[in-house]
Amino acid sequence: MRIERPKGTRDFLPDEMERRREIEKVMRQIAESYGYREISTPTFEHLELFTIKSGEGIVEEIYAFKDKGDRDLALRPELTAPVMRMFVNECSVMPRPLRFYYFSNCFRYENPQKGRYREFWQFGVELIGSGSYLADLEVILLAYRILKELGINFELNIGHVGLLRELLKDLSEERVRKIMRFIDKKDFESLERFLEENDLMDYYDDIKTLISMKGRKEVIENAREVLPDFDFGYIESVAMGLERLEVDFNLDFSIVRGLDYYTGVVFEIYAVEGLGAQNQICGGGSYRLTHLFGGGDVPSTGFAIGFDRVAEICSVKSEKAERIVVACTPGMELNALRIAENLREKGLVVYTDVMERGLKKQLSFANTVNARFAVIVAEREYEKGVVLVKDMESGEQREVPKSSILEYFGL
Ligand code: HAM
C-alpha cells in the first residue's frame, strides 16, 4: 500500500536539505554576531499557552489534540509564546536583556498552497527585557541584515499597533481584536459590514485614513492630525534610527499583525518577487506576554522569518565538499576501507562499495555521485605497494604509493 505524506507537509531530499542548511548557517551566523544564542522548546505545549491571549477561536487554526491522559495539547503554531513561557519558568532571574534565537518547525492548520504549509520552519529571535526603541531598532536591523545577506529583494514595512488601539480605546478588547483581524487580512468589506452592524461607523473614516498612510517619516505628521493625543516619539525614534543606519523602509499603519500579543512597533517584510500571494517572509514587533504566564510585565520584541519562503527565493547554493570513491577488486574491501578511513579522518567525503559490485560498476557509481577522484585498490598493484588514483574529470590515471595517498591529496 502506497502511503502519501499528510497534506501541507513536505519531504526534503539531500540537495534541498544541503541548500537549506547553507541558508540556515547564514542566519545563525548573523544572529550570533548580534549576541543572540540558540534555544529550543518542546514541539508540543499545553493548548492554553496559545489560547490564553487569542481566545478559543485560535483552536481552529492549530493542531490541537488530547493526549492519553486527557490533557489538551497543541503542536506549536509559533515560538514567541513558548519562548516567553520558558523565560518565565527558567530564566526570569537571568540578567537582562536576554537575546535568544531559534530555528524550529511550526504547525498550523492552514489551507496549503504555494508558500503556505501545515508544517513550516521559522528562524526567529526574541529580545527580552527592554522597552526601549533601541530594542526594536536592533531586531529590525537584524532581520534586515539577514535578508540582505541572503540576496533577497524585499520591502520592509513598519507600523505601530498603538495607533489603532488608541483610536479604538473605548471599544471592548473583543471588538478591537475583530477590527484588527479584518485589517490584518485586508478584508475591508467585512470590516465595513462589522462596523455597520455594530453601530460603529463613526470610526470608519479615521480607520480608513490611518491604515492608508504609507511612506517615510512624513506620514507621522499626517497621523498626528488623526490622533493628536498619541505619543509619536517612540515610532519617530525608530524611524530616525533606521534612517541613520541606512535601512530602507516604509511606515505603514495598516500593519497590525495577525497575532494578538503585539503592543507597540510592528513590522512585516515582503518579498518583491518569486512568491506570489504568500510573499510575507518575516513578521515581528514588540509585545507583552509574560504577565499571562505568571511572570511580571516584561517588555519584549522579536521577529520570525518564514524559512521555507526565503529558501524558495534565495539563490544561495550549497557548497559541495569534494567527493572521493575508494573502489577495489574482490578481496581488497578491507584494505579499501582502511584507506577510506584515513581520508575521512582528514575531512574528505569518501564512499566505499557496500553492494559487493565489480570494479567497473564501482567506477560508474563514482560518476553517479560526481566523485572528483576514484582511488582504485587493485590486488596486483596493492601487493606492489601502490594504488591507482583516477581523475574522474580528465579520466587520467596514475599510480600513487599507498603510503603517500594523503600527501597526494594535499592532506
Ligand atoms: P507570523 O507572521 O505569524 O509571526 O509568522 C512569521 C513568518 O512565518 C511569516 O511572515 C511567514 O513568512 C511564515 N509563515 C507563517 N505561516 C506560514 C505557513 N503556513 N507556511 C509557511 N510559512 C509561514 C509569528 O509567528 C511571530 N511569532 C513572530 C514574532 C516573533 N513576533 C515577535 N517575535
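## Aromatic pairs and a cluster

Rings of Phe, Tyr and Trp (its six-membered ring) pair if their centres lie within 6.5 Å; planes under 30 degrees apart count as stacked, over 60 as edge-to-face and the rest as tilted. Y101, F103, F123 and F307 make up one aromatic cluster. The structure is a predicted model, in which local features need pLDDT of at least 70 and side-chain atom pairs count only at pLDDT 80 or more, while totals for chains, interfaces and linings use all residues. Residues are numbered from 1 along each chain as its sequence is written, and side-chain values use heavy atoms, with hydrogens and water left out.

The structure has 14 aromatic pairs. One of them joins Y63 and Y109 edge-to-face, at 5.2 Å centre to centre and with 70° between the planes. This pair links distant parts of the chain, 46 residues apart: Y63 lies in the loop between α2 (48-54) and β3 (64-66), and Y109 lies in the loop between β5 (98-107) and β6 (119-128). Helices (H or I, at least four residues) and strands (E, at least two) are DSSP runs, numbered from the N terminus. Y63 is partly exposed, with a relative accessible area of 25%, and Y109 is partly exposed at 45%. Here buried means under 20% relative accessible area, exposed over 50%, and partly exposed in between (1.4 Å probe, protein chains only).

## A pair between two strands

F267 and F303 form an edge-to-face pair, because their ring centres are 6.4 Å apart and their planes are at 65°. F267 is in strand β10 and F303 is in strand β12, so that the pair links distant parts of the chain, 36 residues apart. F267 counts as buried at 1% relative accessibility, and F303 counts as buried at 1% as well.

## Charges over rings

A charge sits over a ring if NZ of Lys or CZ of Arg is within 6 Å of the ring centre and within 35 degrees of the ring normal. The charged end of R20 lies over the ring of W121, 5.2 Å from its centre. The charged end of R372 lies over the ring of F373, 4.7 Å from its centre.

## Strand β11 and its partners

In strand β11 (residues 280-287), seven of the eight residues are buried. Two strands pair if DSSP finds at least two bridges between them. Strand β10 (residues 262-271) runs antiparallel to β11 and is joined to it by six bridges; Y262 stands opposite Y287 in β11. Strand β12 (residues 300-306) also pairs with β11 in the antiparallel sense, over six bridges, and G285 stands opposite G302 in β12.

## Around the ligand

The ligand is surrounded by 27 residues, of which the closest are E78, T80, R257, Y262 and Q280. A residue is near a molecule or strand if one of its heavy atoms lies within 4 Å of it. β11 gives the most to the shell around the ligand, with seven residues.

A polar contact is a pair of N or O atoms within 3.5 Å; within protein, one must be able to donate a hydrogen and the other to accept it, and residues adjacent in sequence count only if both atoms are side-chain atoms. A nitrogen atom of the ligand is 2.8 Å from a polar backbone atom of Y117. An oxygen atom of the ligand is 3.0 Å from an N or O atom in the side chain of Q122, and an oxygen atom of the ligand is 2.7 Å from a polar backbone atom of Q280.
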